[in-house]
Amino acid sequence: RFPRAYCTHPLCGPQRASFMTGLYPHQNGSTNNGTPLNPEHKGQTLSNFLTDADYDCALSGKWHVGGTTPEECGLEVICGNRDNEVPLRAIEFMKRERDNPFFLFASFLNPHDICQVARNQPLPQGPVPQPTTIEECPSLPANFAIPPYSPDILQMLRQVNRRVYPTLEYTEDDWRRLRFLYYRLCEKVDAEIGVLLNGLRDLGLEEDTYIVFTSDHGDGHGAHNWNQKTSFYEEVINVPFIISHKGKTNAGGVNDTHLVSLGLDLLPTLCEVGGANIPETLEGLSLQSLAEGKTPDSWREELIVETEINIGSGPGGGGASRAVLTDQYKYSAFPMGRYREQLVDLQNDPGEMVNLAVNSRFKNELDDHRRRLRQWCEKTNDPFLKMCM
């Protein structure tokens, strides 16, 4: 398990494009749910590389990579966005007689239905049990309050897009009910994942199969009065990441020292395991040796997360934002509003309640993270440098 794993962008489409290309969104073109993958990256994806290495590749479930199709990426589509069918169709695929090894992308939608819960919409993947009393619901998180000196742009976003962020008038009990239902959605998809893993075991394939469990992004879950994605809060960008290969990976091991980039590192990891060739230009790092309990000679010292916060059309409508994570700190930079810069000490303030960017005692740490972000922007030709720094 890798507790310090982060998405490259806390939104479905951009993160899934990073899954497939091993690139940051500003590099592959998919910077929000409405922008497609750049044409030059078609045919240069994780499943294309594994297809070239003679793998039978399939998708069961959600796709959501704009500008290309699963088929163009070498994936046979065996099921659509129906979580209850994803494991069943996946098991049928694994049962096939074949000469080649397989790569299976089993892609569940939930607990994404928490978005519909907040908007009082029907749940696409079916209902979950409702609380009968408020006492059944989880307590509010310790970091429920919006902290002092938090970035104005996030509250601007909630104000102008109340359909997507309908929680401005939520009472504390409303937040507790939302948290209750989020856990029910997690239980629902956990059961469906269990069907898939039991099927793999029943087929006698467990020791021959490399399993990665992860998510494209998280949800605010009530922290800082936030629901949904888009922000840089830990609840949103810090994602589950577990690797299991029975008999080979470090069973029960926890690696909480290495920064993992979900969008960059998944592709080289699976391609190394599968013996597939990838472009030398990709900067992601394979996690195979770390998962086996080995310590690499070197590793990244910082990790970048991108997001787009759009609060309207025309000048001053928001836009690109960036975060830098290091061993102890997280620095975030936004394009507009008060308190455009955030610096939090994740070791001593994991709930992110104190913005150190407004404290002169942390000027050295602030300047160091500004420098890291500037150098990264220059290295990757990130337009954020010219727009916001």
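This is a predicted model: local features need pLDDT of at least 70, side-chain atom pairs count only at pLDDT 80 or more; totals for chains, interfaces and linings use all residues.
**Figure 1**

**Figure 2. Close-up of valine 86 and its contacts.** Valine 86 belongs to helix α4, and with a relative accessibility of 0% this residue counts as buried, because buried means under 20%. When its neighbours within four places in sequence are left aside, valine 86 is in contact with Ser60, Gly61, Cys79, Gly80, Ala106, Ser107 and Phe108.

**Figure 3. Salt bridges of arginine 89.** Side chains of opposite charge can pair when their charged atoms come close. Arginine 89 meets glutamate 85 in a salt bridge, with 3.5 Å from N to O, and arginine 89 also forms a salt bridge with glutamate 92, where the closest N and O atoms are 3.0 Å apart. Arginine 89 and glutamate 92 both lie in helix α4, three residues apart, which is about one turn of the helix.

**Figure 4. A salt bridge between two loops, glutamate 72 with lysine 42.** The count of salt bridges in the model comes to 25, and one of them joins the side chains of glutamate 72 and lysine 42, at 4.0 Å from N to O. Glutamate 72 lies in the loop between β2 and β3, whereas lysine 42 lies in the loop between α2 (25–28) and α3 (46–52), so the pair ties together parts that are 30 residues apart in sequence. Are these two residues buried, exposed or something in between? Glutamate 72 is partly exposed, with a relative accessible area of 38%, and lysine 42 also counts as partly exposed, at 36%.

**Figure 5. The buried residues of helix α6 and what covers them.** Helix α6 runs over residues 152–160, and within this helix Asp152, Ile153, Leu154, Leu157 and Arg158 are buried. The elements that cover these buried residues include the helix α7 and the strands β8 and β9 (318–325).

**Figure 6. The second largest pocket and its lining.** Rolling a probe the size of a water molecule over the atoms shows where empty space is left. The second largest pocket has a volume of about 370 Å³, and 18 residues line this pocket, of which Leu11, Asn33, Val164, Tyr165 and Thr230 lie nearest its centre. Both α5 (114–118) and β8 (303–310) supply at least two residues each to the lining of this pocket, and β8 gives the most, with three residues. Sorted by class, the lining of the second largest pocket has six nonpolar, nine polar and three charged residues.

**Figure 7. The largest cavity and its lining.** How many cavities of 30 Å³ or more does a search of the whole structure find? The search finds one, and about 170 Å³ of space lies in this largest cavity. The largest cavity is lined by 18 residues, and those nearest its centre are Pro151, Tyr233, Gln342, Val344 and Glu352. The elements that give two or more residues to the lining of this cavity are β10 (329–333) and β11 (341–345), and β11 gives the most, with three residues. By class, the lining of the largest cavity divides into eleven nonpolar, five polar and two charged residues.

Methods:
Residues are numbered from 1 along each chain as its sequence is written. Side-chain values use heavy atoms; hydrogens and water are left out. On a 1 Å grid over the protein atoms alone, a cavity is a set of points where a 1.4 Å probe fits but cannot get out, and a pocket is an open set with protein on both sides within 12 Å along at least five of seven lines; lining residues have an atom within 4 Å of a point. Grid points are joined across faces, edges and corners, and a volume is the space filled by probe spheres set on the points. Helices (H or I, at least four residues) and strands (E, at least two) are DSSP runs, numbered from the N terminus. Ala, Val, Leu, Ile, Met, Phe, Trp, Tyr, Cys and Pro count as nonpolar, Asp, Glu, Lys and Arg as charged, and the others, Gly among them, as polar. Buried means under 20% relative accessible area, exposed over 50%, partly exposed in between (1.4 Å probe, protein chains only). Contact means heavy atoms within 4.5 Å.
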